[in-house]
Amino acid sequence: MKNYDLVIIGGGPAGLAAAVAARESGIEDILILERDNELGGILNQCIHNGFGLHTFKEELTGPEYAGRFIQQVRQLEIPYKLNTMVLNLAEDKTVTAMNREDGLFTLKPKAVILAMGCRERPRGALNIPGYRPAGIYTAGTAQRLVNMEGYLPGRKVVILGSGDIGLIMARRMTLEGAQVQVVAELMPYSGGLKRNIVQCLDDYGIPLKLSHTVVDIQGKSRVEGITLARVENGKPVPGTEEHYECDTLLLSCGLIPENELSRAAGVELNPVTNGPAVNESLETSIPGVFAAGNVLHVHDLVDYVSEEAAAAGRHAAAYIQSRERAEAGRSLPVRCENGVRYTVPVVIRPDAVDQDEKITLRFRVGGVYKNKRIVVYAGDIPIFSRKRPVLAPGEMETVRLKVGALLDHPEADHITVTLEEA
């Protein structure tokens, strides 16, 4: 097998954007490995619009958005292998994969970009009591059945979890003629974007019950009904049970970055996101292995995935061209305080970045906060501040730090991202 300078694992929106950016940065030998039978990843089943407003300044469907990047990959003649399963990534960056045409093969690239995306949290992790009848699907599985396979999973539907896929499927099932009775959410706030609550639930009169969960599933061969109850302090409240007759239960209970390969390679993972812990170059704890997109942390907009992956592609190109192998200088760990759950990256090396550049810092909060100010400190000195009327877990926040502001404080040994009263 021909050896490549850069191997990208995953041909979804992150992998495609990374490949295009790396090629445009001067890397010729690139190979994309994709396990599905076509490029585009999860976008192929996201036939609703709302994609591309940031990247292309127009509203596109998921397949249209993916198509733009697939077209760029083909125009740049970047090779890719479909129906190819990556079995292992070793600590020395050796990639072991297999497909029907090549059989089992290994590659020894100079750099690797992880772009495997994420998967849905399965029902088994939710510990819902009751039988295991037919009619229980994750929202993403139902989305594939409806949009790609042409099947309607059920007629009377209850959705547990208010993640974006669950909200979008509430609208999709309604448009296909199903009756969506309720969307229940365990937390006291929705996990999805505000615009999806308005466009997918409010516009169709579908109720959203916060602080509620499914406490029982009825039916043996097929779901016949479910019981909802209000939740306080993490436990169902006796006497608040409500019964709903339904033949389908869709689960939209969060997404988990797909990191079995990363774990096997010895990549250090962030315990909050379950994705790799990366520095400002999106480089993992293994030099030359980069990560971007939903494998790193779950994004709410694919435009941010493409932006982040393009940065990973440029940094991987710089690593291959030996521009970033010089001593990086001091490393500043990024701390989270006062409601900030995690940040990407987790460490910043100011000396490894050009002085006129900006470092992108993304994070999510752990609850709903109003009238707060996002403040970033270098040591004890504030270097960034922005007022936000509302912060919610469903919306990712982005901060762009001037490298010069960090270099101005050589005494700082850490960075803190926090929320303060506005």
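Modeller: Happy to. Please keep in mind that this is a predicted model, where local features need pLDDT of at least 70 and side-chain atom pairs count only at pLDDT 80 or more, while totals for chains, interfaces and linings use all residues. Residues are numbered from 1 along each chain as its sequence is written, and side-chain values use heavy atoms, with hydrogens and water left out.

Let's begin at Ser 162, which is placed in the loop between β10 and α4. Helices (H or I, at least four residues) and strands (E, at least two) are DSSP runs, numbered from the N terminus. Ser 162 has a relative accessible area of 0%, so it is buried; buried means under 20%, exposed over 50%, and partly exposed in between, using a 1.4 Å probe and protein chains only. Its side chain makes polar contacts with the side chains of Glu 185, at 2.7 Å, and Ser 190, at 3.1 Å. A polar contact is a pair of N or O atoms within 3.5 Å; within protein, one must be able to donate a hydrogen and the other to accept it, and residues adjacent in sequence count only if both atoms are side-chain atoms. Leaving aside residues up to four places away in sequence, Ser 162 also touches others, including Leu 167, Val 183, Tyr 189, Leu 208 and Ser 252. Contact here is heavy atoms within 4.5 Å.

Leu 167 takes us into α4, as one of its buried residues. This helix covers residues 164-175, and its 12 residues reach 17 Å from first C-alpha to last, close to the 16 Å expected at 1.5 Å a residue. The expected span is 1.5 Å times one less than the number of residues. Of the 12 residues in α4, 9 are buried, so the helix is mostly covered. The buried residues of α4 pack against α3 (139-149), β10 (156-160), β11 (179-185), α5 (194-201) and β17 (248-251). Just after α4 comes Gly 177, with a positive phi of about 105°.

Ser 322 follows α7 and has a positive phi, near 70°.

An aromatic pair takes us from α7 to a strand. The rings of Phe 290 and Tyr 319 have centres 6.0 Å apart and planes at 75°, so this pair is edge-to-face. Rings of Phe, Tyr and Trp (its six-membered ring) pair if their centres lie within 6.5 Å; planes under 30 degrees apart count as stacked, over 60 as edge-to-face and the rest as tilted. Phe 290 sits in β19 and Tyr 319 in α7, 29 residues apart, so distant parts of the chain are linked. Both Phe 290 and Tyr 319 are buried.

Strand β19 (residues 289-291) runs parallel to β7, with 3 bridges between them. Two strands pair if DSSP finds at least two bridges between them. On another pairing, β7 meets strand β1 (residues 6-9) in the parallel sense over 4 bridges. Leu 114 of β7 takes part in both: it is the bridge partner of Ile 9 and stands opposite Ala 291 in β19. Within β7 (residues 111-114), Ala 111 and Ile 113 point one way and Val 112 and Leu 114 the other, and all are buried.

In the loop between α6 (260-265) and β19 you will find Leu 282. Its phi is near 60°, a positive value in a residue other than glycine, and Leu 282 is buried, with a relative accessible area of 8%. Asn 371, in strand β24 (residues 369-378), also has a positive phi, of about 50°, although it is not a glycine. With 46% relative accessibility, Asn 371 counts as partly exposed.
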